[in-house]
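Let's take a walk through this structure together, one stop at a time. Have the sequence and the 3D view ready, and follow along.

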Amino acid sequence: MDDWRSYDLVAETYERVHAPRFREVARDLVGLTDVPAGAEALDVGTGTGVAAEVLSERGDAVVGVDPSLGMLTVGHRVRPTIRFVAARAIDLPFRDGRFDLLTANFVLAHFAKVETALFDLHRVLRPGGTIALSSWSDGPDAFQAAFREQVEQVVPRELLEPAYAQAAPWHERFRDRVNVEEALIDAGFRHVRTEIASYRWSYGLDEYLDGLETWATGRFVRGMLGEDGWASFRARVRAVFAERFADPLNDFRDVILAAGTRES
């Protein structure tokens, strides 16, 4: 089957469902910094370019990087003025000290080698440059619990846990703002600051279920079941959600916003 860890096959859904919400976070993340507009900026794990667009709109010269060609293809279509580059956070194809500002929106938990990735992000920032990143801070909620309950009826838990760990190995660690701060400090950043931002996002039932397909659990289960099996599974999940929850669904999320500076 296709590599379930890739976002290539869910890029259109990601852009339709998540981009409008994640734009709100990206705007708050950029607002946490004191970097003047017109900066040389890099958005790491850009996806379809939501945060890169926020940077561009304030007048920054921005590059968005992501390893998913599917996400970059959608991003180029929707945001044709943004410069996109296919690259991973490790061994970024940029010279040392190139950027004034670096953003990473919901990317930290996905780095396989987080210390190495943060070192490379530090490398491409100029002395005095700023890094700004976000990470989920909320715990499981009723919606996630209901979905997980249905998932575990078709895929054994012993298969799910290692699969999720492959996709987001640092999810639990970086739900804690202290751990986010420590990771940035250990990577050489200074003047590190964090805050918790709370969001309320409203989804139609089918839109929310579409969004579940883009996350690690959804991608893994879809790959395991195949398209016919997934269609049957999704219909069952929809029936459960329709019985338990009012439509539209109000999803409350807490997010860690963090910023730090590369010293001279």
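Start at phenylalanine 106, which sits in the loop between strand 4 and helix 4. Helices here are DSSP runs of H or I with at least four residues, strands are E runs of at least two, and both are numbered from the N terminus. Before going further, note that this is a predicted model, in which local features need pLDDT of at least 70, side-chain atom pairs count only at pLDDT 80 or more, and totals for chains, interfaces and linings use all residues. Residues are numbered from 1 along each chain as its sequence is written, and side-chain values use heavy atoms, with hydrogens and water left out.

Phenylalanine 106 has a relative accessibility of 10%, so it counts as buried; the cut-offs are under 20% relative accessible area for buried, over 50% for exposed and partly exposed in between, using a 1.4 Å probe and protein chains only. Its backbone is worth a look too: phi of phenylalanine 106 is near 60°, a positive value in a residue other than glycine. Most residues other than glycine have a negative phi, and most peptide bonds are trans. Histidine 191 also has a positive phi, near 55°. Histidine 191 lies in strand 6 and is exposed, with a relative accessible area of 57%. For a cis peptide bond, go to the step from aspartate 247 to proline 248, where omega is near 10°. Proline 248 belongs to the loop between helix 9 and strand 7.

Now for the rings. Rings of Phe, Tyr and Trp (its six-membered ring) pair if their centres lie within 6.5 Å, and planes under 30 degrees apart count as stacked, over 60 as edge-to-face and the rest as tilted. By this rule the count comes to 20 aromatic pairs. One of them is the tilted pair of phenylalanine 22 and phenylalanine 106, with 4.9 Å from centre to centre and 45° between the planes. This pair links distant parts of the chain, since phenylalanine 22 is in helix 1 (residues 11-31) and the two residues are 84 residues apart.

Tryptophan 170 is partly exposed at 24% relative accessibility, whereas phenylalanine 174 is buried at 0%. Arginine 173 lies over the face of tryptophan 170, 5.3 Å from the ring centre. That label applies when NZ of Lys or CZ of Arg is within 6 Å of the ring centre and within 35 degrees of the ring normal. Arginine 21 does likewise over tyrosine 203, at 4.0 Å from the ring centre.

Next, the strands. Which strand is largely enclosed by the rest of the structure? It is strand 7 (residues 249-262), because 11 of its 14 residues are buried. Two strands pair if DSSP finds at least two bridges between them. Strand 7 runs antiparallel to strand 5 (residues 125-136), joined by seven bridges, and tryptophan 136 has valine 255 as its bridge partner in strand 7. Strand 6 (residues 189-203) pairs with strand 7 in the antiparallel sense over 13 bridges. There, arginine 193 is partnered with alanine 259 of strand 7.

Time to look inside. A nonpolar core is a set of buried Ala, Val, Leu, Ile, Met, Phe, Trp, Tyr and Cys residues joined through side-chain atoms within 4.5 Å. The largest one has 43 residues, and Phe241 and Leu257 touch the most other members. Helix 9 gives the most to this core, with seven residues. Leaving out residues up to four places away in sequence, the contacts of phenylalanine 241 (heavy atoms within 4.5 Å) include Phe143, Phe147 and Leu249. A second, separate core holds 31 residues, among them Phe174 and Ile131.

Our last stop is helix 6 (residues 157-167), where Leu160, Ala163 and Ala167 are buried. Seen down the axis, these buried residues fall within an arc of 75°, so they line one face of helix 6; the arc is taken from the directions from the helix axis to the C-beta atoms. The buried residues of helix 6 pack against helix 5 (142-151) and helix 9 (216-244).
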